[in-house]
Amino acid sequence: MAAMAQVALPRSQARIRIIMKPVFLLIAVVAAAAAPHSVWDGVYTSAQAGRGQKVYATECARCHGDVLEGVDDSPPLVGQAFLKKWRHKSVARLVDLTRRTMPSDGPGDLTRQQCTDMIAYILSVNGFPAGTVDLASEVEPQREIMIEPPKEPASAPPEPEPHSGEIKARASN
């Protein structure tokens, strides 16, 4: 049997293929890096949450409570009410709102870094895992991080219906 002859590409097409392979690979890597992240991805560090806890204690606890439960007209910053309000919103929105409106007796007095650290603390109290890199205080990276509630546990499968033979057997007993 004769060996199949391989069709040679013109040099220009071969060069294009050689050049385009890494370009497509680079595009795939950049697209994956630009995909939104979730607060479940470990987007802050424990040390950052510790800094945020100190800011929270001095600037926020008097209105939002020592354990973030909310006091009087101040909303809770922990639990289902918090998660429902911030579900599918970016960390940037939460940091920006905090920076513009808090503390109530001096809105805008906190730096963006202080607000970011405080949000790291709030995320930690809500059970979101810490990671190895601080949450960036810049707006753009924060826009890519979405606040997502915990995944609901899978429900148990429904009980199977008894076979008709089993029903007849039960009925005759």
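How exposed is Trp-40, in terms of relative accessible area? Trp-40 comes out as partly exposed, at 35%. Keep in mind that this is a predicted model.

**Figure 1. The whole protein, for orientation.** There are eight helices and two strands here, and from the N terminus on they run α-β-α-α-α-α-α-α-β-α. Of the 173 residues, 29% are buried. Take the contacts with a separation of 6 or more: 69% of them join residues 24 or more positions apart. The protein exposes about 12100 Å², with carbon and sulfur atoms supplying 60% of that.

Figure 2. Trp-40 belongs to the loop between strand E1 (37–38) and helix H2 (46–59), while Phe-128 belongs to the loop between helix H6 (112–125) and helix H7 (139–143), so the pair ties together parts that are 88 residues apart in sequence.

**Figure 3. Tyr-56 and Tyr-121, a tilted pair.** Here the ring centres are 5.6 Å apart and the planes make 50 degrees, which falls between the stacked limit (under 30) and the edge-to-face one (over 60), so the pair counts as tilted. Tyr-56 sits in helix H2 and Tyr-121 in helix H6, so the pair links parts of the chain 65 residues apart. Both Tyr-56 and Tyr-121 are buried.

**Figure 4. Lys-89 over Trp-86.** The charged end of Lys-89 sits over the Trp-86 ring, 5.7 Å from the ring centre.

Terms used:
Residues numbered from 1 in each chain as written. Predicted model: local features only at pLDDT ≥ 70, side-chain atom pairs only at ≥ 80, totals over all residues. Heavy atoms only, no water. Helix = DSSP H or I, 4+ residues; strand = E, 2+ residues; numbered from the N terminus. Buried < 20%, exposed > 50% of the residue type's maximum accessible area, 1.4 Å probe, protein only. Phe/Tyr/Trp six-rings, centres within 6.5 Å; stacked < 30°, edge-to-face > 60°. Lys NZ or Arg CZ within 6 Å of the ring centre and 35° of its normal. Contact = heavy atoms within 4.5 Å. Areas by Shrake-Rupley, 256 points an atom, 1.4 Å probe, with all protein chains shown as cover.
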